[in-house]
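Dear colleague,

My notes on what was found in it follow.

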Amino acid sequence: MSTIVSLPDQATAKLPAKSYLNQEYGLMSWLLTGDHKRIAILYMISISFFFVIGGVLAGLIRLELLTPPSDLMATDTYNKVFSMHGIIMVFLFLVPSVPATIGNFLIPLMVGARDLAFPKINLLSWYLYVGGGIFVLSAMVLGGVDTGWTFTTPLSTHYLNTHVVTAAMGIFLAGFSSIFTGLNFIVTVHRMRCPGMTWFRLPLFVWGHYATSIIMILGTPVLAITLVLVALERTMSIGVFDPTKGGDPLLFQHLFWFYSHPAVYIMILPGMAVISEVISTFSRKRVFGYTAVAFSSVAIAVFGFLVWEHHMFIMGVSQYSALVFSLMTMLVAVPSAIKIFNWSMTLYKGSITFETPMLYAFGFIGLFTIGGLTGIFLATLGMDIHLTETYFIVAHFHFVMVGGMLMAYLAGVHFWWPKMTGRMYPEAISKTAAVITFIGFIVTFFPQFLLGYLGMPRRYAAYPADFQVLNVFSTAGASILGIGYMLPMLYLPWSLIYGQIAGNNPWQATGLEWQIQSPPLTENFVEIPIMDHEAYDYEWLANKTQHEVQTVG
Amino acid sequence: MDSQSIATTPEELDRSVLPHAHEHPAFLRHHFEDVGQQREAASFGMWVFLLTEVMFFGGLFCAYLIFRNWYHPAFVAGSNTLDIALGTTNTAVLICSSFTMAMAVYSAEIRRRGQLILFLVLTILLGSVFLGIKAVEYHQKYVEHHIPGPSFSIQDFVHPTNPKAIPLAPDMAEKTQLYFFLYFAMTGMHALHMIIGIALLFIMVARASKGAYTEGHVIPVENFGLYWHFVDIVWIFLFPLLYLISRYR
Amino acid sequence: MTEKTQETHQDAEVHVVKPPIYLAIFLTLLALTALTTGISFIDLGVFNAVIALAIACFKASLVVLFFMHLHYSSRLLKLTVAAGIFTFLLLISLTMTDYISRAWGMF
């Protein structure tokens with residue numbers, strides 16, 4: 001199989017003498033760093049930690065659902081397990097996954113800046129994240145939360161005696177961590193671009209993160225105030241969300257989903273941003289319809305704020321309002337489809353090679369398309385009544401978030417691993433992992449569409465025996481998926497020591513980040529670059545490489 | 001095709017390690033190109049932060065709007081128990097503090113240290129007066145059993161002592177608790193912002209007395225000014241919404 | 001670094017607002033506070049709320065435009081404020097689509 005990977009001669013190659021990794025040593029040089037690249041690494045380690053915890057909880061859920069009765073754990077334990085799985089995976093893994101790690105690492109490199117605009121705030125955001133993580137973990141250790149990740153009132157405020165306030169506090173802190181990340185990105189993209197880096201020369205990765213940051217900035221504070229109200233309602237029994245006191249539980253739903261639906265786009269837009277880079281690099285073509293893809297990111301961010309009520313269609317909202325929201329929900333499909341079509345057109349007549357990031361990207365496109373299209377089912381008012389709160393919806397959002405975002409995250413981690421560490425990951429085993437992940441994912445979640453359509457409700461530990469065959473499939477798939485995720489966790493650390501030296505630009509990619517040494521210097525650029533070409537200009541790269549050869553030879 | 005524009009060679013490394021800011025002022029952070037860029041980034045960052053604050057209060061305003069429409073009589077009755085003299089005074093005090101803050105920014109810009117400290121101290125004083133009056137009002141509510149929670153009493157609304165007030169049916173009178181909760185949540189959140197602001201002001205006075213902001217580095221004062229004025233704006237909306245519902249009764 | 005193609009460095013010179021403007025705005029704000037309190041004691045029906053909010057919006061605009069220097073700031077900052085107001089109105093108005101029409105067709 002052909003490849004575009006070009007590594008330096010391994011016999012003579014060595015890592016650069018100075019880089020952000022060896023600029024300073026010691027634990028404190030990491031914990032007090034202002035360097036966006038180091039903070040990205042801190043984030044990567046911490047979200048991996050929470051991913052493992054969330055993954056183990058997911059394993060427990062699938063194990064419980066292997067058999068129809070609730071025999072592995074008590075039903076209330078099951079409730080706590082799936083609640084913690086949701087809370088950890090959504091707020092502590094998916095929301096920060098690509099933006100806070102890969103985005104944090106790359107945005108200054110891509111816009112040609114020495115750092116993000118506010119390095120200290122960037123560090124603060126990591127500490128807030130860790131603080132939030134500690135609160136969530138302590139809620140789990142103290143006895144758990146069983147509200148589900150949505151904290152539905154009045155269940156969360158009146159009927160449950162678990163650690164809702166502790167968990168809400170954790171999410172509040174994690175929320176501010178993501179606000180600060182978004183703030184930093186927006187200011188950096190606006191104010192820190194290098195000379196010549198116009199908006200339409202920015203890589204689509206930056207556009208995707210810009211759109212994500214808009215949502216983080218405008219949506220997250222509403223979640224914060226909502227959780228404050230829930231906490232006050234629990235501790236002081238106020239009644240804003242309590243119908244017996246004149247409050248309205250639906251108000252909670254409105255405020256919660258005003259953030260949490262756009263948050264779904266926080267969890268997918270950065271993934272799309274990664275895919276644009278990967279698809280272009282491994283098909284050696286400029287992304288087809290650059291402008292359309294760039295604006296579709298912003299359109300998703302804006303439309304994302306107009307659709308939240310589709311989470312509430314069966315909760316007694318006004319039918320007329322539901323009509324409007326149903327229509328607007330379908331509108332979001334348009335920019336998402338624009339992206340899918342443009343990526344397909346980028347592949348068309350490109351010189352495609354199948355490195356690991358590309359395999360994950362293909363996985364993303366397939367799974368995200370299925371996830372997105374089933375979203376249309378759920379946007380349809382009549383269909384939604386049948387499908388909502390069943391496994392259909394569980395499958396739908398896992399296709400988008402796990403099949404979409406997690407695939408994109410892994411694509412991004414593999415794609416930029418050489419840049420972050422200076423070393424290549426082992427290619428053969430990582431390709432295997434990508435294929436295993438894809439197969440495992442389909443086997444796990446596709447049966448859940450059928451289960452949901454047949455009427456199996458979500459969030460129950462027990463189910464009728466009729467559903468067992470499909471559930472066994474799903475649990476078996478989860479085991480395969482588990483192996484698929486475990487492999488990178490083993491071979492990526494391995495590659496830190498034994499991986500091949502990557503050199504500046506192993507993929508022959510065009511981005512600014514690939515034109516500097518890997519791993520980069522603490523200040524990123526020896527001299528602030530001047531951008532004189534479009535993004536994804538492979539001719540420019542060919543010329544530049546040629547020029548370099550001539551100078552040397 | 002300027003392919004040399006992106007320096008890739010590590011030989012040039014030593015130059016980057018050297019302070020590249022030899023002709024730049026000391027307050028310029030290393031990752032900014034010049035003072036103008038730093039100033040714009042900082043001020044834009046502050047505005048974006050205020051954007052999140054707008055949405056943070058937005059949730060409360062949304063709740064207020066819904067319940068005010070649902071339980072208008074209860075909101076009128078609740079609003080009319082607030083002390084309008086204290087409320088109006090407080091609004092004026094806060095506007096004065098905004099004015100002194102604006103003047104502090106001006107003093108920093110024209111580099112007058114003494115004047116800057118004077119206006120910052122005045123802002124602290126006015127902010128504290130505001131919080132003091134707020135405390136008096138909260139205490140009144142406590143005495144009247146109008147603080148939502150177990151001690152809340154609807155007596156004043158079912159059997160008003162004021163002959164002009166319209167008595168409420170008990171179920172509507174219960175809803176005044178929602179009004180008072182929103183009152184405490186909104187003014188409390190606002191007061192919390194004031195307390196944070198005053199704490200920051202103390203730090204700024206200490207630094208200003210060492211001449212930190214009068215050598216051209218006005219960004220912190222300016223950004224704090226933005227924050228302080230934003231807190232003022234929140235109050236500008238809270239005052240009519242909470243104090244001025246159908247006062248003519 | 002001669003080629004400055006971006007919008008970033010255009011308005012590096014900061015406009016210093018003079019005290020007379022601050023004083024004028026300050027006095028207007030105080031007058032409007034007195035006005036809004038006074039009007040609230042007159043029965044105007046629904047217009048009480050409308051006028052109170054209109055005055056509040058006007059006061060807030062004065063503070064934003066002059067105390068916060070938005071009047072003299074770049075288009076980007078103006079756009080930022082507009083984005084905040086827009087999203088806030090989105091939250092309110094789209095939530096209201098539910099609350100307004102929830103009872104339609106039920107009576």
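Is the crossing of α15(A) and α16(A) left-handed or right-handed? The crossing of these two helices is left-handed. Please bear in mind throughout that this is a predicted model.

**Helix packing in chain A**

Helix α15 of chain A covers residues 427-454, 28 residues in total. From its first C-alpha to its last, α15(A) reaches 41 Å, close to the 40 Å expected at 1.5 Å a residue. A:G455 comes after α15(A) and has a positive phi, near 110°.

The partner of α15(A) in the crossing above is helix α16 of chain A, residues 468-498. The two pack with their axes 7 Å apart and at an angle of about 155°. Because angles over 145 degrees count as roughly antiparallel, α15(A) is roughly antiparallel to α16(A). Among the residues of this contact, 20 are nonpolar and nine are polar, with no charged residue.

A second pair in chain A consists of helix α7 (residues 204-236) and helix α10 (residues 290-303), whose axes lie 8 Å apart at an angle of about 15°. With angles under 35 degrees counted as roughly parallel, α7(A) and α10(A) are therefore roughly parallel to each other. The crossing of α7(A) with α10(A) is right-handed. On the α7(A) side the contact is formed by A:L204, A:W207, A:G208, A:A211, A:I214 and A:I215. These meet A:Y290, A:V293, A:A294, A:S297, A:V298, A:I300 and A:A301 in α10(A). By class, the contact has eleven nonpolar residues, two polar and no charged.

**Helix packing in chain B**

In chain B, helix α3 (residues 72-80) packs with α8(B) at an angle of about 55°, the axes being 8 Å apart. The two helices are therefore oblique to each other. α3(B) passes α8(B) in a right-handed crossing. From α3(B), the residues B:A74, B:F75, B:A77 and B:G78 meet B:T176, B:Y179 and B:F180 of α8(B). Five residues of this contact are nonpolar and two are polar, while none is charged.

Turning to the interfaces, 40 residues of chain B are in contact with 52 residues of chain A. Elements of chain B that give two or more residues to this side are α1 (13-17), α2 and α8 (176-209). The largest share, 17 residues, comes from α2(B). The side of chain B that touches chain A has 20 nonpolar, 13 polar and seven charged residues.

**Domains of chain C**

For chain C, the domain assignment gives domain 1 (17-68) and domain 2 (72-99). The C-alpha centres of these two domains lie 21 Å apart.

With kind regards

Notes: Residues numbered from 1 in each chain as written. Chains lettered and ligands numbered in written order. Predicted model: local features only at pLDDT ≥ 70, side-chain atom pairs only at ≥ 80, totals over all residues. Helix = DSSP H or I, 4+ residues; strand = E, 2+ residues; numbered from the N terminus. Expected span 1.5 Å × (residues − 1). Axes fitted to C-alpha atoms, helices over the stretch in contact; angles between N-to-C directions. Parallel < 35°, antiparallel > 145°, perpendicular 65-115°, else oblique. Left-handed = near helix turned anticlockwise from the far one by under 90°. Nonpolar A, V, L, I, M, F, W, Y, C, P; charged D, E, K, R; others polar. Domains from an automatic or database assignment. Contact = placed C-beta atoms within 7 Å.
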